[in-house]
Amino acid sequence: MADSRAQPLTFSDHDRNSAGLRYVYPVVSRRAGGVSVGINLNTNNACNWRCIYCQVPGLSRGAPPPVDLATLKSELTEFLHDVLKGDFLAKRVPEGARRLNDIALSGNGEPTSAKEFEQVVDLVGEVRRHAAVPDEVKTVLITNGSLMQRRGVQGGVKKLAALNGDVWFKLDRATDSGLRQINNARTGSTRVRANLTLSAQLCATWVQTCMFAIDGAGPGAAEQKAYLDFLRGCRRESIPLQGVLLYGLARQSFQPEAPRLTVLPPAWLEAFAQRIRALGMTVKVTP
C-alpha cells in the first residue's frame, strides 16, 4: 500500500491521516486557495451534531477524548517547520496552492467540545511565535457554534482574536426544522443567533453556509427567506459579521443520507449570493 504521507494533496481529499500524525493534518483548501494545517481534536470521530453532508466515516454522537497537549505541540511544531522551511509544499502541494494560508481548528467533530479547547488556542499561539509563522497566516476556528455560551469556549475565542483569528460559524439553515434536517441539531435558531452574536463580539466571525440539493431539489423558498431574514436581522441588530462563506458540496458524505445529496449549479449559488449582497453583506462563493 502506498504511503499516504508521500501522496500529493488534492482539493477533494481531506484525509485526516494524510501526515501520519494523531492531531495535525494538511489539506489543500479550495476556499482558502492554499494549504490549511488542520488540528483534529475529535480523534474518536465524535461530534455533538450530525450534518448529513459530513465526510467523516463512522461519525458518532459525543465529545472528544482528552487532548494530549504535549503530542499536539510536538506535531504542530515539526509540521510547521516542514511547511515553512522544508520541502513539503514542493513535494505534496499542487502548483498555484503552494502557500500556507491558515492553521485551522477543525477535524472530525466540533472542536470547541474539547475540554482543553482554550489551552489548545494558547498552545497554537506559542507554536506560532516560536515557528515565526507570518502574521498574515490566519488561525481559524471552524465551528457549529453550539457551545459558544461556555466560558472556556469564549475564553479560547477571545484569545483566537489575538492570533489574527477568524471564526467560521456554521449556519446551513435558519429554521428550527431546517437545522434538524440538515445538521441533526437540537439547537434552535434563537440560540444560534445568540451564540453568533457572542462569537462576533469576541473575534472576527464569518457565517459559513453549505447549500446543496436533497432528492434533486435545492432549499425551498421558505428556507431561503428564513435564511435571508436571519441575516437581515443580524444587520438590524448591528452584529459585527465579516460576511458569508457560501459553498457547495465538494467531498463525499459518509452519512446515511449521502445518496440523496447532489451539487447545486454554480449559477444557483451565485444568484443566492447576490441576494445576500443585496443586504449589504460581503459574500465569498466556492461552488
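Analyst: Gladly, and please keep in mind that this is a predicted model. A place to begin is His-81, which is partly exposed, with a relative accessible area of 48%.

User: And where does His-81 lie?

Analyst: His-81 lies in helix H1.

User: What about Thr-190, is it buried or exposed?

Analyst: Thr-190 is exposed, with a relative accessible area of 68%, and it is found in helix H6. If you compare its position with that of Leu-21, which is 169 residues away along the chain, the two C-alpha atoms are separated by 39 Å.

User: OK, new topic. How many aromatic pairs does the structure hold?

Analyst: The structure holds 4 aromatic pairs. One of them is formed by Tyr-227 and Phe-272, whose rings are 5.6 Å apart from centre to centre with 50° between the planes, and this pair is tilted.

User: Why does that pair tie together parts that are apart in sequence?

Analyst: Tyr-227 lies in helix H7, residues 221-236, whereas Phe-272 lies in helix H8, residues 266-277, so the pair ties together parts that are 45 residues apart in sequence. Both Tyr-227 and Phe-272 are buried, and for Phe-272 the relative accessibility is 2%.

User: And why is the pair of Trp-268 and Phe-272 called stacked?

Analyst: The ring centres of Trp-268 and Phe-272 are 5.4 Å apart and their planes are at 20°, so this pair is stacked; the cut-off that matters here is that planes under 30 degrees apart count as stacked. Trp-268 and Phe-272 are 4 residues apart in helix H8, which means that about one helical turn separates them.

User: How exposed is Trp-268?

Analyst: Trp-268 is partly exposed, with a relative accessible area of 23%. Taken together, ring pairs link Tyr-227, Trp-268 and Phe-272 into a cluster.

User: Which ring does Arg-193 lie over?

Analyst: Arg-193 lies over the face of Phe-230, at 4.4 Å from the ring centre. There is also Arg-173, which lies over the face of Phe-212, at 5.4 Å from the ring centre.

User: Let's switch to cysteines. How many disulfides does the count come to?

Analyst: The count comes to 0 disulfides. Cys-51, for example, is in no disulfide, and the nearest cysteine sulfur, which belongs to Cys-54, is 6.5 Å away. Cys-51 counts as buried, at 9% relative accessibility.

User: Can we look at the loops? Where is Pro-65 found?

Analyst: Pro-65 is found in the loop between strand S4, residues 60-61, and helix H1, residues 69-85. Pro-65 is partly exposed, with a relative accessible area of 29%. Leaving aside its neighbours within four places in sequence, Pro-65 is in contact with Leu-41, Thr-43 and Asn-44. Pro-65 and Ala-114 are 49 residues apart in sequence, while in space they are 7.6 Å apart, C-alpha to C-alpha.

User: And what is the phi of Asn-45?

Analyst: Asn-45 has a positive phi of about 60°, although it is not a glycine, and it is found in the loop between strand S2 (34-40) and strand S3 (46-47). Ala-132 is a residue other than glycine with a positive phi, near 55°.

User: Where does Ala-132 lie?

Analyst: Ala-132 lies in the loop between helix H3 (117-131) and strand S6 (138-143), and at 56% relative accessibility Ala-132 counts as exposed.

Notes: Residues numbered from 1 in each chain as written. Predicted model: local features only at pLDDT ≥ 70, side-chain atom pairs only at ≥ 80, totals over all residues. Heavy atoms only, no water. Phe/Tyr/Trp six-rings, centres within 6.5 Å; stacked < 30°, edge-to-face > 60°. Helix = DSSP H or I, 4+ residues; strand = E, 2+ residues; numbered from the N terminus. Buried < 20%, exposed > 50% of the residue type's maximum accessible area, 1.4 Å probe, protein only. Lys NZ or Arg CZ within 6 Å of the ring centre and 35° of its normal. Contact = heavy atoms within 4.5 Å. Disulfide = S-S within 2.5 Å.
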